[in-house]
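Subject: Structure handover and findings

Hello,

Here is the structure for your files. My notes follow below it.

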Amino acid sequence: MKKMFGLAVVIILLLAAAIVGWGAWLNYSDENQIANRMNSRVVELTAVRAVRREFAPVIPLDAVRFSSDNMTDAVALTEGRILRWYVGKNDAVHEGDVLAEMVNESVPLKIQQAESAISRAEAVLAQAYNSYQRQERLLARRATSKEKYEEAEAQYLAAQSSLREAQVQRDQYLVQQSWLSVKAPLDGSVLIIYQREGAHVQAGTPIVLVGDFSWLRFSLNMADVNARHLQVGQSSFLRFPDRKLAVKAYDTDFGAGNKENSMEIRAVLKEIVPPLSEPADIRRTVWEVDNRTKILEPMTYNGVTMRMGDSYEALTLPLSAMVDKSRNKVFVVDEQNIIHERTVETGAVADKYIEILSGISEGEVVVTGNFEGLEDGMQVDIEIGGEE
């Protein structure tokens, strides 16, 4: 009886071990099948070929500061009180136009005193001249001494000097009187009126700001990859964000007719520093804008984009082919439809394309779109699309 019981226990244990072994084998088999299926799967992707095309870079500019070479203050040249204005804000003026009239009560009095001093000096000079002439005649007849003659001559010369001094003094006061007329320092428009009628100002005080915004300039520091195709004299086109042109630094009427959201403004390249003949990573470019239509002011504009007017042939890829934000890696598909991650050197950007400087040859197939889960060496099934 005990033998039968022991045999039954052994059989039960063997059956349990067999069941556990069978389950382990099934689990292992299923994992192998899943792994084999994962290894044999083919990822479906879209791709494009690297091609050469006419390329005109578009450069985003965080901030562009326009400046004018023709903008300066008209200042008070002497002390006085502003009596009246002859111009208003935004009025067009020419160099030398009287903008405001000042008054200084002491200046006319000083001029009158100088005129009286001149009259006295002229009378003294006439008397000294007569005495000098008489002594000269007497000396010729030997009727006076040479000492008296020389004394009369010295008095006559001193009287001449006194008259000239009085005349110079009067002329200085007349100049001060002319300084009471505040004149435009250049052709342009009245931008800011600093002082009002009745205000008392000292010499050197700014009275009004006059500027000519017909031509504006701005400078940009550009990477060599963006500047290497530039030439002095070529054009670019600036596009401003919607409604940004309504903001004005000087509250002028400039831009009053600007109603187009997609308006572009032409800029001409005037200078590249250092020149392209010298190696450099960064170059300063100076641009000039024809602003005679009175749209821009010398101020900083944000969110501007610059589109180069001249294009050149370049090897390009869509921006969607760049793996990350640094734009220096792509997935290249070989003849066996296996992908390989590759480092590339990129240049300028134009809308949805990017210039490829090295790392890719013309005609090579590059993955575009979603790169999630992609790894170097994966087998893929690609569909080559047209230009994106």
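What share of the 388 residues of the chain counts as buried? The value is 35%. Buried means under 20% relative accessible area, exposed means over 50%, and partly exposed is in between (1.4 Å probe, protein chains only).

First, the ground rules. This is a predicted model, in which local features need pLDDT of at least 70, side-chain atom pairs count only at pLDDT 80 or more, and totals for chains, interfaces and linings use all residues. Residues are numbered from 1 along each chain as its sequence is written, and side-chain values use heavy atoms, with hydrogens and water left out.

Overall picture

The chain has four helices and 23 strands. These are DSSP runs, numbered from the N terminus: helices are H or I with at least four residues, strands are E with at least two. Take the contacts in the chain with a separation of 6 or more: 78% of them join residues 24 or more positions apart. Contact means heavy atoms within 4.5 Å. The accessible surface of the chain is about 23200 Å². Carbon and sulfur atoms hold 50% of that surface. Areas come from the Shrake-Rupley method with a 1.4 Å probe; for residues, only the protein chains shown count as cover.

Strand 4 and its sheet

Two strands pair if DSSP finds at least two bridges between them. Strand 4 (residues 71–75) is joined to strand 11 (residues 206–211) by five bridges. Among the residues involved, Asp-73 has Leu-209 in strand 11 as its bridge partner.

Val-75 also lies in strand 4. Val-75 counts as partly exposed, at 33% relative accessibility. With Leu-77, Val-175 and Trp-179, Val-75 forms a nonpolar patch on the surface, about 320 Å² of accessible area together. Patches are made of residues with over 30% relative accessible area and no salt bridge; like charges are joined within 9 Å, nonpolar side chains (Val, Leu, Ile, Met, Phe, Trp, Tyr) within 5 Å.

Helix 2

Helix 2 has 35 residues. From first C-alpha to last, helix 2 reaches 50 Å, close to the expected 51 Å. The expected span is 1.5 Å times one less than the number of residues. Buried residues in helix 2 include Val-107, Ile-111, Ile-118, Leu-125 and Tyr-132. Helix 3 (146–179) is part of what covers the buried residues of helix 2. Arg-142 follows helix 2 and has a positive phi, near 60°.

Salt bridges

There are 12 salt bridges in the structure. Each is a side-chain nitrogen of Lys or Arg within 4 Å of a carboxyl oxygen of Asp or Glu.

- Glu-105 and Arg-81 meet at 3.5 Å, N to O. Glu-105 is in the loop between strand 7 (98–103) and helix 2 (106–140), and Arg-81 is in strand 5 (residues 80–85), so the pair ties together parts 24 residues apart in sequence. Glu-105 is exposed at 55%; Arg-81 is partly exposed at 31%.
- Arg-228 and Glu-355 meet at 2.5 Å, N to O. Arg-228 is in the loop between helix 4 (224–227) and strand 13 (235–239), and Glu-355 is in strand 21 (residues 353–358), so this pair ties together parts 127 residues apart in sequence. Arg-228 is partly exposed at 32%; Glu-355 is buried at 4%.
- Asp-171 and Arg-170 pair at 3.6 Å between the closest N and O atoms. Salt bridges that share partners join these two and Glu-115 into one network.

Best wishes
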